[in-house]
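Here are my notes for a first look. Please keep the model open while you read.

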Amino acid sequence: MKVPLKSSQTNSVNTSFHTPTNSVGCYEPTSVLDVRRSPSPASAIPAVPAVTETHSEDPLLQWDDEFVLNQIGDWDSMLRDLELRDESSHSQPQHFSDISSEYNHILSLQNPNQSFGNFLEDSDVSFGFDFIDELIKAAECFELNELQLTQLILARLNQQLKSPSGKPLQRAAFYFKEALLSLLSGGSNRPARLSSLEIVHTIRAYKAFSGISPVPMFANFTANQAVLEAVDGSAFVHIVDFDIGLGGQWSSFMKEIADRFDSNKTKPPVLRISAIVTEEYAIETKLIRDNLSQFAEELKIRFHIEFILLRNFEVLSFKSIKFIDCEKLAVNLSPFLFRRLGESVRVSSFLSDLRRISPHVVVFVDCEGWIGSETTSFRRSFIEGLEFYSSLFESLDAAGVSGSDWVKKIEAFVLQPKILASVSGGFRNTTSSWRDLFSGSGMRPVLFSQFAEFQAECLVRRAQLRGFHLAKRHTEMLLCWHERVLVSTSAWRW
């Protein structure tokens, strides 16, 4: 039985892995304002198998250590490269000294089974939710270029949203307010260059994120499986990655291909990665190169990685990348590039160039709830982003440990930069839906294998977090938190 899951987009979502006994529509609000007058979706949430709640003193211990490291790479070696060993965390204060003291507020963990509608009506909240109306009004004024009124509203919001504390919607509102302030001041969505200490915090936060939430592992695993199935049997594999992050995805990819070829008693393929990065990633690129090269050497995989500056790629397109005959080529995409390109004509030009290099598979992973529509206003994009990250924060509260700082660190070091990029990209976004763009360029979706679906389901069940479930929308594989899609992975080819 397939259970429809409503979405703000026209494509329907059907549950295909969990099969509840009754078929019901799942509620998904179309705006933060709508949730105030919408019925509770609690009764519309598909039934999920009973799971055991995990209560560990350290969220990093909720998953099997070896399983986590196989998925996210050897972070400790990256920390050693920075000459700041992981043990130093024991001597640090509970709250980061280099972050504003406003972060010292204790997070109030929300009941994971509480609906988004009930959340806004929670009588235990110490103040009303008028700040949501104000925040949306500020976004609307910014879109209309009423900058003085935008500044006035944000000044009032600074008094209500002083820190990222409280319920998920309050914390998300704080970060979206900060992002709008940054956009108003013309600031960048990322510092010119992170310090070594900030990178250490980011690595630890991402490691914690991978340890307590299935979101990063699901994104990496589904993308890797699509690539593995497309390039299976090739002696030369080339991956072009437009969103490499900290590179942990390709550690798990190398482990998988090493295990496959070891079981067949054959040599693993030569693996090349061409990563397109922004100029700010100077320190990260060295860490990624050293970490992946060392890991490949341990697995006896012949490996090479090259970093191409995004500004060079924007000028030269795929001429900035070296291609070799007989390689099987895979391309890894995310909303980041589409937001960077902005206009539909630039995206169409990129897809035309992409078609010329004839990739065996193009994988698109959306962990941001991206809309991508020509009719999407900045205001609507802002609201959708606020809803998406409120749901993601809610899922972190359900996965976190009471009294722990990890949720706060994940939000500050991993998710806040994504929110900044999302708000900035929403202002520039004029592109069509990525599905329409892909289809319009002649691409066709590739089905995931039954094995990939089964493994993804096992991954989510292993997380032992009630509220997460798998679903399918056409050929996309989805990770949902109750009614909200948190990760969407699809594979395409010409």
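The points below go through a helix, some rings and a strand.

1. Before anything else: this is a predicted model, in which local features need pLDDT of at least 70 and side-chain atom pairs count only at pLDDT 80 or more, while totals for chains, interfaces and linings use all residues. Residues are numbered from 1 along each chain as its sequence is written, and side-chain values use heavy atoms, with hydrogens and water left out.

2. Which residues of α10 are buried? They are Glu 284, Thr 285, Leu 287, Ile 288, Asn 291, Leu 292, Phe 295 and Ala 296. Seen down the axis of α10, these buried residues fall within an arc of 165 degrees, so they line one face of the helix. (The arc is taken from the directions from the helix axis to the C-beta atoms; buried means under 20% relative accessible area, exposed over 50%, partly exposed in between, with a 1.4 Å probe and protein chains only.) On the other side of α10, Lys 286 and Glu 297 are exposed. After the helix comes Lys 300, with a positive phi near 60 degrees.

3. Now the rings. Phe, Tyr and Trp (its six-membered ring) pair if their centres lie within 6.5 Å; planes under 30 degrees apart count as stacked, over 60 as edge-to-face and the rest as tilted. That rule gives 20 aromatic pairs. Phe 242 and Phe 318 make an edge-to-face one, 6.2 Å centre to centre with 80 degrees between the planes. Phe 242 is in the loop between β3 (236-241) and α9 (248-263), and Phe 318 in the loop between α11 (310-316) and β6 (328-333), so the pair ties together parts 76 residues apart in sequence. Both Phe 242 and Phe 318 are buried.

4. Have a look at strand β7 (residues 361-366) too: six of its six residues are buried. Val 361, Val 363 and Val 365 point one way, whereas Val 362, Phe 364 and Asp 366 point the other way. In a regular strand the side chains alternate between the two faces of the sheet.

5. What about the neighbours of β7? β6 and β7 pair in the parallel sense over four bridges (strands pair if DSSP finds at least two bridges between them), and Ala 330 stands opposite Val 361. β7 and β11 (residues 484-493) run antiparallel, joined by five bridges, with Val 362 opposite Trp 492.

Key. Helix = DSSP H or I, 4+ residues; strand = E, 2+ residues; numbered from the N terminus.
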